[in-house]
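Subject: Structure for you to look at

Hello,

Here is the structure I said I would pass on. Please open it and keep it beside this email while you read.

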Amino acid sequence: MRLLTKALTLFGWLLSVFRTPGRPHEPHRPSPPELQRKTKMSSSLSLSARGGRLAFLVVGLCWLAVLFDGLDMFIYGSVLPHLLETKTFGLTPDQAGDLGSYATFGMLIGALAAGTIADRIGRKKLMVTCVIVFSLASGLCAIADSVAVFGLGRTLAGIGLGGLLPTAISMVSDYAPRGRGAIIIGLLMTAHHAGGILSAYVAKWLVEPVGWRAAFWVCVLPLLFAPVLAKFLPESLSFLVAKGRTDEARELAARYDVELPAAKSGKQGAADRWTNLVNLFRGGEWSQTLLYWLASFGGLLLVYGVATWLPTLMRAEGYELGSALSFVVVFNLGGIVGMLVAGRAADRFGAPRISAIWFALTAAGVFLLSVHMPMSVTMIIVFFTGVFLNSAQTMIYATVSIRSTPDSRATAVGWTSGMGRFGAVFGPWLGGQLLAAGNGDWGFTAFAIAGLSSMVFIGVAALRSPKQGASSGSGQELAGVH
């Protein structure tokens, strides 16, 4: 009964997220003019309810797409211990690290290309294409007969995965109820960690009795979701406005009472983008920009290094395969909690401070995982490591967004995310090299050092005075997380 009560309470809270906030009711006898005004207000609230339903539809579809994104991203790490134990393809630890980096390299390409492609074909079509790409790529992994074919499949999957997440964030931002953009993005990001949880159960249920290929066949199933996405997901309002399809955008916005994005006065050319990039290095800003980039590099090295190697490193510490996969579940549960908690903490204490503290706590937790402890204690440490690790990186983007001027904010956040993705490529490779050299015990230590370095870099950057005029709209540019 308690579980049912909590579930109903959570469901009610989720529904409230999609309601447009209104003014509190003051009980008194209304005059005729007030009655007329309340009638108009009632009509507006009816429109807001329809807008809430549209937001619920868009966020729900994008949430499922990101869930499949997370499943495909984490599935390799979940089956990796089995691949190494059975020496599939003659796989060695250093080759396994290379394969893990192939996916993150593909994500780098996909993330960098997503904006340009979305501007041409639309965000909806890009999302559908990304789901098809990483689903078919998983099928290629499932039928692979060599390391080369498997690596090609992981690279192609990474391209689809990298293009989907920032596009989905942009989609839900377009349709989020007024004043609820940040929490909607936080809810969307929980889907990525829910996919990680699902990957652990898929590996746990299928790998031993059926084989590792069955896990990748499960990752092909999102292909069936692509037609649903194509049929029911509306096109991005921002894309419609940018393409001059203003009548279509205005009709959709009016029908569902969502805010129509303002048309930009002109397209930003390549020269403008390069000017904004150069501005990040002018005066004394170059040192702060490099500090943000280094912090992001260490943060994503840590995120993807741990995501790829957590089950294998826990096996190396003497835990059974089932227990090692349970750690993946607990780790991602912590990630879901962290995504919902970090934003509120940052609003109260400041994003730079929270990011530095979170990285310090992450480093401590990751280092403690190298010590074999009772299962209950280890589970607690894994949970809190997930809480802090997965949201510490997000707080770097929040810091850059808050401390950037409005005209350079998108460039600053985009390049900070892009530089960090080189760390995402390096992290899985580093874990493989340490294991291949017989230094698996140093894996957690190396990742802990990366966390400490990010703590130092973001902490030093935070000591500098923020740019003037950077507060406007600062909370909106968090796309590209992970």
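Predicted model: local features only at pLDDT ≥ 70, side-chain atom pairs only at ≥ 80, totals over all residues.

Start with the inside. The largest nonpolar core has 129 residues, and the members that touch the most other members are Cys-62, Met-127 and Phe-447. Helix H2, which covers residues 32–85, gives the most to this core, with 18 residues. As a general point, nonpolar side chains in soluble globular proteins tend to be buried together.

Leaving out residues up to four places away in sequence, Phe-447 touches Leu-301, Leu-302, Gly-305, Val-306, Trp-309, Leu-313, Val-366, Gly-427, Leu-430 and Gly-431.

Val-366 also comes up with another residue, Ile-381. The two are 15 residues apart along the chain, and their C-alpha atoms are separated by 8.3 Å. Ile-381 is part of helix H15 (residues 375–402). Is Ile-381 buried or exposed? Its relative accessibility is 14%, and buried means under 20%, so Ile-381 counts as buried. Apart from neighbours within four places in sequence, Ile-381 is in contact with Gly-365, Leu-368, Leu-369 and Met-373.

Now the surface. Phe-105, Ile-109, Val-133, Leu-152, Leu-156 and Ile-159 make a nonpolar surface patch of about 450 Å². At least two residues of the patch come from each of helix H3 (93–121) and helix H5 (147–175). H5 gives the most, with 3 residues. Val-133 sits in helix H4, residues 123–143. Val-133 has a relative accessibility of 31%, which lies between the 20% and 50% limits, so Val-133 counts as partly exposed.

Last, the cysteines. A disulfide is a covalent bond between the sulfur atoms of two cysteines. How many disulfides does a search of the whole structure find? The search finds 0. Cys-219, for instance, is in no disulfide: the nearest cysteine sulfur belongs to Cys-141 and is 8.8 Å away. For a disulfide, the two sulfur atoms would have to be within 2.5 Å. Cys-219 counts as buried because its relative accessibility is 1%. Cys-130 is buried as well, at 6% relative accessibility.

Regards

Key: Residues numbered from 1 in each chain as written. Heavy atoms only, no water. Core = buried A, V, L, I, M, F, W, Y, C linked by side-chain atoms within 4.5 Å. Buried < 20%, exposed > 50% of the residue type's maximum accessible area, 1.4 Å probe, protein only. Helix = DSSP H or I, 4+ residues; strand = E, 2+ residues; numbered from the N terminus. Contact = heavy atoms within 4.5 Å. Patch = residues over 30% accessible without salt bridge, like charges linked within 9 Å, V, L, I, M, F, W, Y side chains within 5 Å. Areas by Shrake-Rupley, 256 points an atom, 1.4 Å probe, with all protein chains shown as cover. Salt bridge = Lys/Arg side-chain N within 4 Å of Asp/Glu carboxyl O.
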